[in-house]
Amino acid sequence: MREKLKEVTESSSYHVPDSAVTVIAQEKPWGTHYRVKAYVNESREQYLFITDLTIRGKDMLRQMNIRFAQAAYAETGVR
């Protein structure tokens, strides 16, 4: 999983070539939370970089048949 997320990050057009990519994993009550640390080419592209990694990372996880954590549905009674 870490290697695949690293590959997704390194292949992003927003990532600074030849700079370090770190993938951090932390267990949470609902599942494993992965975070990617990497440098963006231009600071003004930070949100585009995050969006790119989120979309392409989730696509890669789907291709690996990884199940995503889902919050339980809670009915509030408010209408």
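Helices and strands are here DSSP runs, helices having at least four residues and strands at least two, and they are numbered from the N terminus. The exercises below concern a predicted model.

**Exercise 1. Locate Glu-45 among the elements of the chain and work out how its charge is placed.**

Step 1. The protein has 2 helices and 2 strands, and from the N terminus on these elements follow the order α-β-β-α.

Step 2. Glu-45 belongs to the loop that runs between β2 (31-38) and α2 (46-63).

Step 3. Glu-45 is buried, and the nearest side chain of opposite charge, that of Arg-44, is 5.1 Å away. A salt bridge requires a side-chain nitrogen of Lys or Arg within 4 Å of a carboxyl oxygen of Asp or Glu, and Glu-45 has no salt bridge.

Step 4. When neighbours within four places in sequence are left aside, the contacts of Glu-45 are with Tyr-14 and Val-40.

**Exercise 2. Decide whether Val-8 is buried or exposed, and list what it touches beyond its sequence neighbours.**

Step 1. Val-8 has its place in helix α1.

Step 2. The relative accessible area of Val-8 is 9%, and so this residue counts as buried.

Step 3. Not counting residues up to four places away in sequence, Val-8 touches Leu-53, Arg-56, Gly-57 and Met-60.

Step 4. Val-40, which is 32 residues away along the chain, has its C-alpha atom 14 Å from that of Val-8.

**Exercise 3. Examine the backbone of Asp-18 and Asn-65, and say where each residue lies.**

Step 1. Most residues other than glycine have a negative phi. Asp-18, although not a glycine, has a positive phi of about 60°, and Asn-65, also not a glycine, has a positive phi of about 60° as well.

Step 2. Asp-18 sits in the loop between α1 (2-10) and β1, while Asn-65 is found in the segment after α2.

Step 3. Asp-18 counts as exposed because its relative accessibility is 84%, and Asn-65 is likewise exposed, with a relative accessible area of 67%.

**Exercise 4. Relate the position of Thr-76 to the overall dimensions of the protein.**

Step 1. Thr-76 lies in the segment after α2, and its relative accessibility of 64% is why it counts as exposed.

Step 2. Thr-76 and Met-64 are 12 residues apart in sequence, and their C-alpha atoms are 35 Å apart in space.

Step 3. The C-alpha atoms of the protein fill a box of roughly 50 × 30 × 20 Å along the principal axes. The radius of gyration is 15 Å, whereas a compact globule of 79 residues would have one near 12 Å.

Step 4. Of the 79 residues, 20% are buried, and the protein exposes about 6,600 Å², of which carbon and sulfur atoms supply 49%.

Step 5. Among contacts between residues at least 6 apart in sequence, 48% join residues at least 24 apart.

Note on methods: Residues numbered from 1 in each chain as written. Predicted model: local features only at pLDDT ≥ 70, side-chain atom pairs only at ≥ 80, totals over all residues. Heavy atoms only, no water. Rg over C-alpha atoms; globule rule 2.2 N^0.38 Å. Buried < 20%, exposed > 50% of the residue type's maximum accessible area, 1.4 Å probe, protein only. Contact = heavy atoms within 4.5 Å. Areas by Shrake-Rupley, 256 points an atom, 1.4 Å probe, with all protein chains shown as cover. Lys, Arg positive; Asp, Glu negative; His and termini not counted.
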